[in-house]
Amino acid sequence: EGKNLYEIASILDDAGILKAIDFIRTAKDKNMAESLGLNAPTLEGYLFPDTYFFPPQTQAKRAAEVMVNQFKDKTQQLNLASHQLAPHQVVILASIVEKETGAPWERPKIAGVFHNRLKKGMRLQSDPTTIYGIWERFDGNLRKKDLLQKTPYNTYKVNGLPKGPISNPGLASIKAV
């Protein structure tokens, strides 16, 4: 839970399953998201965190399909559309909750704080969203200049939810939201 598409790509590459660049390209492809029935610009947020057994030389498209289908299977009992947020917004917020804590008991509380901030028109002010927006140059240290930089993911600068999910949330974070 909580890995983003870049981290998943690296894990798959390190295991000799596929090339990271191929997985990143596939996961960022809007046509791929559409072909899998997602109302989202990328697969980020929908690559369900689970244990998978892929043989070496698995095609990136196949690995992504399996992960997205697992997301659909695991969330089919949840009515994501019955919420005050659109289904994709639920995934975005769940991805933030996932990155904010590893403690299961904290997830509903954190989700509640974010819901309240959204209702009041407050900024979410979440460090993990800011980190995602600078992922390719992030060195492990979040600096004031990073918090001041406007990216579509920096919730210190943008109102409401960021542009998209920042990780791939587990079922507990989705339920919490």
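So, Arg25: this one is exposed, with a relative accessible area of 53%. Keep in mind that we're looking at a predicted model. Arg25 forms a salt bridge with Asp22, and the closest N and O atoms are 3.5 Å apart. Asp22 itself is partly exposed, at 32% relative accessibility. Why can these two reach each other? Well, they sit 3 residues apart in helix 2, so about one helical turn separates them.

You'll find that spacing again in helix 4, where Glu65 and Arg62 are 3 residues apart, about one helical turn. Their side chains meet in a salt bridge at 3.6 Å, N to O, and Arg62 is partly exposed at 46%.

Now for Asp146 and Arg137. Their side chains also meet in a salt bridge, at 3.1 Å. Arg137 is partly exposed at 45%, whereas Asp146 is buried, at 2% relative accessibility. Altogether, the structure holds 6 salt bridges.

On to the core. The largest nonpolar core has 47 residues, and those touching the most other members are Leu12, Phe23, Leu38, Leu43, Leu47 and Val177. Helix 5 gives the largest share of this core, 7 residues. Take Leu38: setting aside residues up to four places away in sequence, it touches Ala33, Leu43, Tyr46, Val68 and Lys72.

Last stop, Asn4, in the segment before helix 1. Is Asn4 buried or exposed? Buried, with a relative accessible area of 2%. A polar atom of its side chain lies 2.9 Å from the backbone nitrogen of Tyr6. Further along the sequence, beyond four places away, Asn4 touches residues including Glu44, Tyr132 and Trp135.

Note on methods. Residues are numbered from 1 along each chain as its sequence is written. This is a predicted model: local features need pLDDT of at least 70, side-chain atom pairs count only at pLDDT 80 or more; totals for chains, interfaces and linings use all residues. Side-chain values use heavy atoms; hydrogens and water are left out. Helices (H or I, at least four residues) and strands (E, at least two) are DSSP runs, numbered from the N terminus. Buried means under 20% relative accessible area, exposed over 50%, partly exposed in between (1.4 Å probe, protein chains only). A polar contact is a pair of N or O atoms within 3.5 Å; within protein, one must be able to donate a hydrogen and the other to accept it, and residues adjacent in sequence count only if both atoms are side-chain atoms. Contact means heavy atoms within 4.5 Å. A nonpolar core is a set of buried Ala, Val, Leu, Ile, Met, Phe, Trp, Tyr and Cys residues joined through side-chain atoms within 4.5 Å. A salt bridge is a side-chain nitrogen of Lys or Arg within 4 Å of a carboxyl oxygen of Asp or Glu.
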